[in-house]
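Hi,

Here is the structure I promised to pass on.

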Amino acid sequence: MLQDLFTQVTEGRGQVVGVVGEPGMGKSRLLHEFRQTLRARAATVLEGRCVSYGGAIPYLPIIEIIRNNCGIVDGDGPGIVADRLAAGLREVGMPPTEWMPYLLHLFGVKDESGAIDALSPEAVKARTFETLRQLTLRGSRLRPLIFIVEDVHWIDKTSEEYLASLVENLIAAPIMLVTTYRPGYRPPGMDRSYATQITLRPLPRPDSLTVVQSALQGRGLSTSLADTILSRAEGNPFFLEELALSMGDQREPDHTIPHTVQGVIMARIDRLAEDTKRLVRTAAVLGREFPQKLLDRVWDGPGALHPHLLELKRLEFVYERAGIDESVYVFKHALTQDVAYEGLLTHRRQALHGAAGLALEELYADRLEEFYGALAHHFARSELADKAVTYLMRVADKAARVYANAEALTHLTDALGHVQRMPDGSQRDRMLLDVAQRKGFSLYFLGRFAESVECLLEHRARLDRLDDPVLAGPYYFWLAHMYSRLGRPELAVESARRAIEEGGRCGDDATVGKAHGLLALEGHWSGAAREGIEHGRTAVARLEGTAQQWWLGMAHIYMGFDYVLLGQWAEVQQAAASAIAVGEAISDTRLQCYAAFITSWIASMRGDGAVAVDDAERSRKLATDRVSGVYAAGFLGYAHVDRGEAETAIPLLDHAVRELEQFGFPQWHGMFTASLAEAYRLRGNTDRAFELAERGLALATSCRYWLGVGYAQRVLARIASDRGRQDEAAARFADALGTFTSIDARIEIGRVRIELAGLVADRHDRPGALRHAEEAESVLRDMDAPVQLARAHRLVSELRHPAPSGERP
Ligand SMILES: Nc1ncnc2c1ncn2[C@@H]1O[C@H](COP(=O)(O)OP(=O)(O)OP(=O)(O)O)[C@@H](O)[C@H]1O
Ligand SMILES: [Mg+2]
């Protein structure tokens, strides 16, 4: 099957293959045999492997693949790594100046050009994916490419996401993506027409017997013992081999044959000489693969370890793989390592992990970053709590830098556990705060707003105790940011003011600037837009020239929100352009995504439906994370509703509303619920519309988001009018008018008056209608909203000069 599929690949039809089977069923062996059948140079085979503790280390198997591809080995210094990567890029025609920074970043090598430092984690992730994709696609043009990732049931989220994107891209390229995994996992893309799953089933009896005989290498076996082995191993080749070897190790056949493959391995280990046993267990702590020099350092048994290592090799527990300047040993099978590891008592295990961590620190002192994952893994299992925390935070930061927030969160949660074990004192307090804040960031990016606040609040007493503005400023800023999202205006403002105060105490311009930016956003929520704009200006002044470029961009966006509320079209364009400029400078698509939806929003308001849809669609394309995707979908729905396109709008708004509810973001949850209500109203679904509009009103009111309140009131007015309750409609329009007036949302004031004029005219109150129309005209005359102004004009002139037939205007 693999060969047939490969033939298709050589003809340019990419294939995705999943090989699934229980441990020891022969997945790795199958791929090994497949590789042997390929003629040399018929294909480039790139292989990477996931490991059991690798689930929270972003890009782990991908990095291994690149290493193999570029010929990078353990022990290569940063200079050699850089050279090899550059050569790899040049081979496929990718200029290293452009692409190198991302690869270096993956390898934890400091990039001298500094190109990446200014980028947001999200931008780094997007560009890294693009680099990998280009490498793969261009590589496949030289020769068909076979991309093997083993044991993907242990894969990290980021690599999984990358493989998913590769699946989308390989359909028309000579690329074969082969993964192996145990039952229970389903890799991305298996539902594609060009995907095939191969299930490895137990070997039939005759084949099982062949495996046993070949493992025994000619040594005899009684028929009854052979029978027992065959029925016990149930056609699992690894079990068969181990059982046969286990019989072979023994002089006397032992009739107590273990029932599981683990049992067999355990029995084999038990029979080893004392020091050999000690060695296999020590090695098991180091991992499935380990360099001999690491084992040397950790070995604490009596005498030299070499003879024992040879013995393990002879017994096929491990095999040796030649490295460039060091030899690397590999456990023949993951289960062997597992069982040897399980044989250690807790205390001994901790001591060995601690020793392994310290040895790694010494051996690779000049390129530690590459080993953060392994260091965190070892120290987290040792008694060295402070080292565990240090390295867990470093891997978390590394993950967050590549926007792998789920992975970062795992490490940080782990780190918190270790800090708890440290002795009380200010060092512990600082560490707790440090970890908690990082956790707060990652939770936010994952849309878990309330948890982000909880995580910080838990440590407030500690913060007060430390009384250190350097810590307190950023802490209160983050609280303010989260409270603002959660629709808690007083708390947000109070926290922002506190951040400004603390930041001022220690000259922390960045925090002061960010907190003013937040107050600009609060101006939008609370309807005090002009005050908000003042804060926004302060924010920009403070943040320009600092390293906080992302927040500088956000300050422009927040001012943009204020201008949207005031209906000032040109100023919104200006704010969006400034945010885009920052976004481009730091390659951050999120800023550009936000900029596109604020221009869409004001375009809807001023009646430019086509522009509104275009901008919102662009915003959607630019959204790369879950949170911004939701905002963009909401505004696109909103733009469609404004054009009366209910059918297109409903699914978009429905999605946005559901997600915003989950995030706990009541302002836009309320606003988009009101839009969804309008969409249902347009479709004639009045009852559903009413229910939703009431809900939108309640949500927006609960967080005092007046713009949202006004939207909901207006929809309720239209619903009342549809239901023929004109008194109620007039009252509700008056409510909306009052709300929009209180926050000086001028274009909306004009729009409500136009609608009111229509309603009043229908009720034969021509002077009343004319008054509204004239008011609308006068408020819109000062705004840059020609479409709305034209509507007002038309209405005024029709009301002044009624058509002879006396029809309603
Ligand atoms: N068809 C076969 N014939 C003979 N030996 C086999 C066959 N398939 C597998 N083996 C042997 O069985 C052992 C286990 O196979 P392998 O390592 O491929 O299992 P696996 O499915 O990859 O397991 P895991 O899920 O633990 O990675 C190996 O020693 C391999 O050589
Ligand atoms: Mg395997």
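**What I found**

There are zero disulfides in the structure, a disulfide being a pair of cysteine sulfur atoms within 2.5 Å.

Before the rest, some housekeeping. This is a predicted model, where local features need pLDDT of at least 70 and side-chain atom pairs count only at pLDDT 80 or more, while totals for chains, interfaces and linings use all residues. Residues are numbered from 1 along each chain as its sequence is written, chains are lettered from A and ligands numbered from 1 in the order in which they are written, and side-chain values use heavy atoms, with hydrogens and water left out.

**The chain as a whole**

The protein chain has 39 helices and eight strands; these are DSSP runs numbered from the N terminus, with helices being H or I of at least four residues and strands E of at least two. Its C-alpha trace spans about 115 × 60 × 50 Å along the principal axes. Of the 809 residues in the chain, 59% are buried. Taking contacts (heavy atoms within 4.5 Å) with a separation of 6 or more, 66% are between residues 24 or more positions apart.

**Helix pairs**

A note on geometry: axes are lines fitted to C-alpha atoms, for helices over the stretch in contact, and angles run from 0 to 180 degrees between N-to-C directions. Angles under 35 degrees count as roughly parallel, over 145 as roughly antiparallel, 65 to 115 as roughly perpendicular and the rest as oblique.

How do H35 and H36 pack, and at what angle? H35 (residues 706–722) and H36 (residues 726–742) pack at about 165°, with their axes 8 Å apart, so they are roughly antiparallel to each other. The crossing of H35 past H36 is left-handed, i.e. the near helix is turned anticlockwise from the far one by less than a right angle (clockwise would be right-handed). Among the residues that meet are Trp706, Leu707 and Tyr711 in H35 and Phe733, Ala736 and Phe740 in H36. By class, this contact has 11 nonpolar, five polar and five charged residues. Here Ala, Val, Leu, Ile, Met, Phe, Trp, Tyr, Cys and Pro count as nonpolar, Asp, Glu, Lys and Arg as charged, and the others, Gly among them, as polar.

H36 also packs against H37 (residues 746–762), at about 165° and with the axes 9 Å apart, so H36 and H37 are roughly antiparallel. Their contact includes Phe733, Leu737 and Phe740 of H36 and Ile749, Val752 and Leu756 of H37. It has 10 nonpolar, two polar and three charged residues.

Then there is H16 (residues 346–363) with H17 (residues 372–380), at an angle of about 150° and with axes 7 Å apart, which makes H16 roughly antiparallel to H17. H16 passes H17 in a left-handed crossing. His353 and Leu358 are among the H16 residues in this contact, and His377 and Phe379 among those in H17. The contact divides into six nonpolar, five polar and one charged.

**A few single residues**

Thr276 is buried at 4%, whereas Asp275 is partly exposed at 25%. Leaving aside neighbours within four places in sequence, Thr276 touches His308, Glu311 and Leu312, and Asp275 touches Trp299, Pro302 and His308.

Lastly, the backbone. Most residues other than glycine have a negative phi. Tyr59, not a glycine, has a positive phi of about 70°; Tyr59 sits in the loop between strand S2 (44–49) and helix H3 (60–70) and is buried at 1%. Ser587 also has a positive phi, near 50°. Ser587 is in the loop between H28 (569–585) and H29 (589–605) and is partly exposed at 24%.

Cheers

Technical notes
Buried means under 20% relative accessible area, exposed over 50%, partly exposed in between (1.4 Å probe, protein chains only).
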